[in-house]
Amino acid sequence: MKRRGRGIACMWYPIGFTVAANPSAALVKVNEDGTATLLTGTVETGQGSLTVLGQIAAEELGIATDDVHVISADTDTTPMDTGAIASRTTYVTGNAVRLAAGKAKAILFEVAAPMLGVKPDQLEARDRKIQVKDYPQRNLAIGEVANHAQVVMGQPPIGAASFNPATVALDPETGQGKPFSTYVYATQIAEVDVDDETGEVEVLRIVAAHDCGTAINPMLVEGQIEGGISMGVGFALQEEILFDAAGRQINPNFTNYIMPTSLDMPTIEVDIVKSFDPTGPFGAKGVGEPTAVPTAAAILNAIHNAVGVRITSLPATAEKVLAAIKAKRAPAPKRIAARPRQLGR
Amino acid sequence: MAHKTEIGVREQRVTQKTLHSVDETLRLPAVTPPVTYPIETLVPQVRQQTPAVGQRVTRPDGRLHGLGQTRYIDDLAFPGMLYAKIKRAGIASARIKRIDTREAEAMPGVMAVLTGREIPVNSFGPSLKDQPVLADDRVFHAGDGVAAVAAVTEQIALEALDKIKVEYEPLPAVFDPLEALKDDAHKVHAPNSNIYATKVIKKGDIDKGFAASDHIFEGSFRTQMVEHVPLEPHAAIAVWDPNGRVTIHSTLGRITLGRADISRTLKLPLNRIRIIATIVGGNFGGKNEITQEPVLALLSKKTGRPVKGVFTRTEEFIATTTRHPIIMDYKTGVTKDGRILARKVRLVLDGGAYCSWSETTLGKACILSAGPYKIDNLLAEAFVVYTNKTMTGAMRGFGAPQVCFAYESHMDDIAAALDLDPLDIRLLNAFEEGSPSPTGQVLQSVAVKDSLLQAAQRFGWKEARK
Amino acid sequence: MADVTVKVNGKLRTASVPPETTLLQLLRDHFNLTGAKLGCDVGDCGACTVIVDGKPVNACLMLVGQADGRDVLTIEGLATRDQLHPLQKAFEDHASLQCGFCGPGIILSAKALLDEVPNPTVPEIRDALSGNLCRCTGYTKMIEAIQAAARVLREEPAEPNA
């Protein structure tokens with residue numbers, strides 16, 4: 001008989017490396033027609049980081065995403081980057097990109113200011129124009145300014161910058177310190193059906209509410225959450241590398257290493273929590289790894305809710321769940337030392 | 001004259017017969033088919049929008065993916081390119097007595113063979129440099145590479161691996177992390193202790209906290225070893241130029257670090273190394289350190305030809321990093337209405353044969369292990385131990401999925417015992433703006449409660465309450 | 001050596017290759033059509049999926065002798081000089097592909113489905129994709145895109161929230 005259950009799990013996760021320097025550098029050059037090229041040493045592994053970094057550069061320069069061409073991942077031609085790791089790209093590389101674009105923009109403002117009859121700090125870049133703040137009617141097309149800068153003034157608009165999160169080393173005895181500049185938070189709630197005759201768990205639905213600061217590209221954030229949940233489902237219920245007594249892997253292949261297919265995926269509903277981190281580029285933080293963090297916990301809590309068994313080791317295979325159901329053990333957590341008891345007893 | 005022609009014809013026939021699959025010259029198809037895509041470039045409206053932040057912008061690389069035109073490393077070919085394969089130990093702990101590569105080297109189509117003693121500096125690692133490029137004297141896990149071959153086809157390279165004879169002296173091994181913790185356990189990297197890194201977080205006074213608690217709960221949890229399983233296996237191509245510069249096209253996710261590792265292992269200045277990693281088919285943390293790159297570079301140098309190496313799916317499992325299995329013990333003291341007063345955590349991480357990203361994983365797991373909760377009295381201790389199994393490294397979450405499974409299962413157990421709604425007990429204890437973290441950091445831009453309430457609302461949590 | 005003739009994306013192609021060559025090797029190494037990928041080489045992951053005589057097939061499991069004389073459609077044969085295939089357009093609009101490695105196989109499995117079932121249910125779509133592994137996306141946006149492409153192919157108007 002199928003029993004329905006639901007489980008909740010929340011989590012926190014840091015952005016960037018633990019204390020250690022993990023800088024990213026970026027270079028932005030504005031072409032004579034107002035389009036731009038961004039050079040970044042980061043590696044696009046599928047998460048869409050190049051698109052997001054392009055959006056950040058475009059936002060800073062007041063142009064559209066399609067106006068920015070992104071070049072990446074070549075140690076000869078792109079500036080250094082600590083890498084697409086620790087969910088740091090949007091935050092660390094994004095900040096570097098924003099700063100670099102800002103420097104190129106400063107050159108554009110310097111050139112545009114006399115053309116518009118104002119001081120550079122009165123200008124802003126929006127909608128492909130360099131315009132006067134609070135008086136946008138006085139403006140120039142960014143292409144005109146960029147061309148003038150390079151061709152007439154001899155000042156090509158180019159900017160390079162780097163960024164490294166601010167941390168404080170941890171005390172070796174107590175671990176106290178500021179290991180990360182910022183964190184993200186999330187909750188996932190899973191709804192499952194547990195077949196109490198076979199132990200099989202079907203994940204029906206997962207609701208995920210993730211904080212990522214400003215979502216630079218909500219569609220790509222959703223994609224990360226959906227993908228992370230698929231890894232979480234596998235971690236919770238299926239995947240395991242098995243070793244024989246001599247320490248050799250028994251199942252180094254897809255036939256016997258079970259991982260989620262399209263048939264195993266639940267319906268996923270995503271909510272991006274409204275949040276803004278002033279230390280991130282346009283308020284953004286990150287999302288890559290947090291998506292895979294609370295899923296297993298939510299599913300296992302749902303199993304507990306459905307059939308009253310607490311599985312304490314992953315994966316919660318059908319065999320394990322069935323054995324637990326059969327043992328009819330809903331393990332009451334050990335209770336010790338009810339108050340009042342004295343210390344040092 | 002006739003005599004010469006006869007010899008010529010005979011030689012040609014013999015050559016074709018014995019070398020039909022061993023073509024020493026150019027092996028690219030003569031004509032590349034034309035690529036078909038729409039003449040009129042469609043630019044999605046959303047990519048033309050300003051402002052750019054917040055837009056559901058489509059990806060230009062996404063279009064290439066859908067057309068099948070993205071060129072991953074295995075889709076690239078260079079003139080005269082050779083194919084490399086690595087022989088895996090197949091034994092978890094051993095001393096290498098002898099490696100005999102003569103039979104492999106003599107095979108038609110095999111252009112070079114490489115062993116560990118030819119690597120200029122045969123050690124690397126993101127923190128501890130305890131991993132060899134190719135095992136030289138000792139084997140520490142069954143997936144260790146012991147020799148490599150470059151041949152004109154992949155098939156010949158694989159056949160050549162079988163012809164490499166390695167004589168092993170089996171050594172004791174330890175596989176269980178709790179066993180490895182013991183003083184009398186076999187030392188994986190003797191004379192060093194198996195415990196190769198530790199971390200402690202201490203805050204407040206847990207004894208006082210437990211004494212003041214109405215209830216104390218304990219729970220033990222364990223997670224398994226899993227693998228990243230990127231659809232694209234690890235792949236790289238090494239090419240040299242006459243100025244002594246090597247270009248390595250690779251699936252590496254950290255090219256700055258990768259370049260530093262190549263520089264160190266091959267004893268080359270940094271500006272003689274170019275790493276290009278523009279297109280990768282998934283990483284998830286498993287492609288963040290070098291694997292075969294120095295091997296390919298040396299084979300390429302030896303043969304004077306580009307050398308490509310693509311891991312088999314088996315190698316993806318046995319010879320690349322995996323997620324740390326963790327044994328987690330929790331003890332939590334709460335008031336009768338469910339507020340956490342004290343928490344004690346012990347984590348033992350199975351650290352595999354080499355350190356890789358274990359120090360980072362250990363640190364993060366320890367810091368995150370208390371959960372996103374306000375806890376004044378905390379002791380979290382974490383250890384990572386060597387075992388003779390596949391090395392454990394960086395994998396999406398660095399220990400967070402494991403500890404979250406533990407602390408959230410534990411939280412639900414507490415809620416059940418106190419007859420509290422799992423949502424309510426979390427809202428009671430969750431971080432708020434300005435709360436101190438386990439390391440004493442004042443937290444800003446905190447959104448735990450928002451995420452709890454939003455998810456609960458969307459799910460219909462209160463309505464579904466059993 | 002085996003002499004094979006295969007119609008690939010509408011054009012007759014010939015090759016003289018060792019008989020143990022797979023269709024995947026033929027496409028990738030001999031015809032330089034690298035859209036079909038090598039993910040496991042034993043037919044478990046679906047990254048090598050192509051359509052042979054209308055049916056989706058793991059090209060790594062088919063020997064050239066079995067492909068001889070047949071009609072093969074690869075990812076390179078979907079788009080025309082006029083337009084992307086509706087599946088390719090929908091996958092792009094919905095950000096259905098992330099690293100893209102499984103993409104050609106998934107899109108061809110989807111095409112094979114839509115050729116047979118023009119209005120598939122979500123379970124039917126999941127079933128059609130069940131032989132294609134994807135580690136990045138969780139399949140969610142792929143299913144949305146396939147439904148959107150199916151509507152286009154049926155010449156129906158888009159849904160308001162598409």
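A salt bridge here is a side-chain nitrogen of Lys or Arg within 4 Å of a carboxyl oxygen of Asp or Glu. The model is a predicted one.

**Interface of chains B and C**

The rule finds four salt bridges across this interface. Helix α2 (residues 60-67) of chain B gives the most to the side of chain B that touches chain C, with four residues. The size of an interface is often given as the accessible area lost when the parts come together. The table collects the values for this contact.

| Item | Value |
|---|---|
| Residues in contact, chain B | 35 residues |
| Residues in contact, chain C | 41 residues |
| Buried area, chain B and chain C | about 3,200 Å² |
| Share of buried area from carbon and sulfur atoms | 56% |
| Polar contacts, both residues at pLDDT 80 or more | 16 residue pairs |

**Sheet of chain C**

Chain C holds an open sheet of five strands. Their order is β2-β1-β5-β3-β4, and the pairing is mixed. β2 (11-17) and β4 (55-58) of chain C stand at the edges. Each has a single partner strand, so one side of each is left without a neighbour in the sheet. On average, neighbouring strands of this sheet are turned by 40° against each other, direction ignored.

Strand β3 (residues 49-52) of chain C runs antiparallel to β4(C), and four bridges join the two. Within β4(C), V57(C) stands opposite V50(C).

What lies across β3, β4 and β5 (71-73) of chain C? Helix α4 (residues 103-116) of chain C does, running at about 35° to β3(C).

Notes:
Residues are numbered from 1 along each chain as its sequence is written. Chains are lettered from A and ligands numbered from 1 in the order in which they are written. This is a predicted model: local features need pLDDT of at least 70, side-chain atom pairs count only at pLDDT 80 or more; totals for chains, interfaces and linings use all residues. Side-chain values use heavy atoms; hydrogens and water are left out. Two strands pair if DSSP finds at least two bridges between them. Axes are lines fitted to C-alpha atoms, for helices over the stretch in contact, and angles run from 0 to 180 degrees between N-to-C directions. Contact means heavy atoms within 4.5 Å. Buried area is the accessible area (1.4 Å probe) that two parts lose on being put together, summed over both. A polar contact is a pair of N or O atoms within 3.5 Å; within protein, one must be able to donate a hydrogen and the other to accept it, and residues adjacent in sequence count only if both atoms are side-chain atoms.
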